[in-house]
Amino acid sequence: MSGNAIDIESLRRRHAPLAMDAAAFREIGHRLVDDISHRLSRVPDGRVTPGESPSEVRRALQAELALPSNGADAASLVRDTTGMLFDHSLFNGHPRFFGYITASPAPIAMLGDFLASALNQNVGAWNLAPIASEMESQAVRWIAELIGYRPTCGGLLVSGGNMANFVCLLAARAAKAPWVRTEGLRSDRPRLLVYASTETHTWLHKAADMSGLGTDAIRWVPVNAARQIDLGELRTRIDEDRRAGHQPFLVVGNAGTVATGTVDPLGRLAALCREEDLWFHVDGAYGALAAQVAGAPADLAALANADSVAVDPHKWLYAPLEAGCALVKDPATLRNAFAYHPAYYRFDEEMVNYYESGPQNSRGFRALKVWLALRQVGRAGYYRMIADDIRLAEHLRRLLDERQDFQVVSRSLSIATFRYVPADLASQRRDVPVEEYLNRLNQQLLSAVEKSGEAFLSNAVDGGTFLLRVCIVNFHTSLEDIEAVPPLLARLGAQIDSALRGELALTRAEEIA
Ligand SMILES: Cc1ncc(COP(=O)(O)O)c(C=O)c1O
């Protein structure tokens, strides 16, 4: 027998290094679930973030280790890795995590991710993932129903808000300038232009860049005192651009801006787009999910009139990362933007083949975690959780407003922005040196809160003013957590204020000397 025949015989009963028998899988898996549930139950009593430096984290990981030649025992590897991760991670499921727009993850969705990995469906093609494809279609329709968008819409799940908005922009481009898919952007065609308020998230820069339109194709429209897109200015710019021979094709409306949760006048934007024959896209990555919730801005409901909507299950549906969703009024517009039919793909047209509706070919079963959470709590459960987040943000605004040492700037949806202003500086807020001092004080305060591990906030910048920002997309947050915020910030703020004034006095003394 040749050496090769002996080798091939050894594969008759194959023992691959990654294989795990059912008993070992069960034991390691049970221990992992026990460990996770125990550690998660202790999260509220610990720090929001360990506040370590990059070098401390690299040390814990032993980042310099080369790729091991030989393997390790799976049980201890999973146990030790779980410990390492819980010891060195930020917990966005901590009740006092109020940063950015990152949700606390739904436990049923965590289990969904596990189940999805076990099945490892390729939700690019129906016959590779029959029920998973149908569950994604159902989850997309449920999301549309939840936000009051038409249930006959098309859509698919993507990685997050950036990608959902990008997919919608490409659908708009294919609908309004169909030649671009084959000819590309040509100088002998009119310039394609996009309109959005200056408060729009940076997804638009990336989408304009990646789509080849270029960021100069974005017409940044100023906002009014309520931080909403200035409709008069929008109309003027569209007219001017048309007169100059350009082709306006897309208007973006914000259903909850990232900085302050502001909702643009979506109804009037929809009407303008209808009149002007423009694609109306709504970035509802954050706020669209509140569209039908009592107490949310009434204008949100007008997203029903949009040609496309981006909405993020990993924000207000509390899905673990990653899950975004692109919705389009007419399902054909997604296929018109993405479908190709190479000879080696022979799938039935009647089936939902998601590779034809978006940029990805092979796709994971993101829908399962979203589907399970929607199914577990239903419409009423989501409306209640979102309404409670909004009520807590409003309560925080009220608590801060009642105090002498805070200036509240905004509260919309579940985002409140404000800053710490020592009482003796309140009357001089508009003086330039005082403004600069307050910016510095609040920047240091934000870092101090993060370092304390007692809460986690982020920031917004409003006309040059540095603001602290609390965003609640967290079903673990209670009234007690909110009531703890003002005293924590006031205590740390007073300490920093006193240290900074000491430093400034020292600098001035040195200057004089
Ligand atoms: C309004 C808005 N749009 C888009 C995005 C981008 O979403 P993602 O971070 O999921 O890509 C965000 C993120 O916070 C957002 O708030």
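Glutamine 62 is partly exposed, with a relative accessible area of 46%; partly exposed covers the range between buried, under 20%, and exposed, over 50% relative accessible area, with a 1.4 Å probe and protein chains only. The residue belongs to the loop between helix 3 (54-61) and helix 4 (74-87), where helices (H or I, at least four residues) and strands (E, at least two) are DSSP runs numbered from the N terminus. The model is a predicted one, in which local features need pLDDT of at least 70 and side-chain atom pairs count only at pLDDT 80 or more, while totals for chains, interfaces and linings use all residues. Residues are numbered from 1 along each chain as its sequence is written, and side-chain values use heavy atoms, with hydrogens and water left out.

Backbone geometry was examined next. Most residues other than glycine have a negative phi, and most peptide bonds are trans. Glutamine 62 has a positive phi, near 55°. Tyrosine 100 also has a positive value, near 45°, and is located in the loop between helix 4 and helix 5 (107-119). A cis peptide bond joins leucine 321 to glutamate 322, with omega near 5°. Glutamate 322 is part of the loop between helix 12 and strand 7 (324-328).

Oxygen atoms of the ligand lie 2.8 Å from a polar backbone atom of glycine 161 and 2.8 Å from a backbone N or O atom of asparagine 162. For lysine 315, a polar side-chain atom is 3.0 Å from a ligand oxygen atom. The protein buries 83% of the 390 Å² that the ligand exposes when taken alone, with areas from the Shrake-Rupley method.

Glutamate 394 lies in helix 14 (residues 367-401) and is buried, with a relative accessible area of 17%. Its side chain makes a polar contact of 2.8 Å with the side chain of arginine 397. A polar contact is a pair of N or O atoms within 3.5 Å; within protein, one must be able to donate a hydrogen and the other to accept it, and residues adjacent in sequence count only if both atoms are side-chain atoms.

Technical notes
Accessible areas come from the Shrake-Rupley method with a 1.4 Å probe; for residues, only the protein chains shown count as cover.
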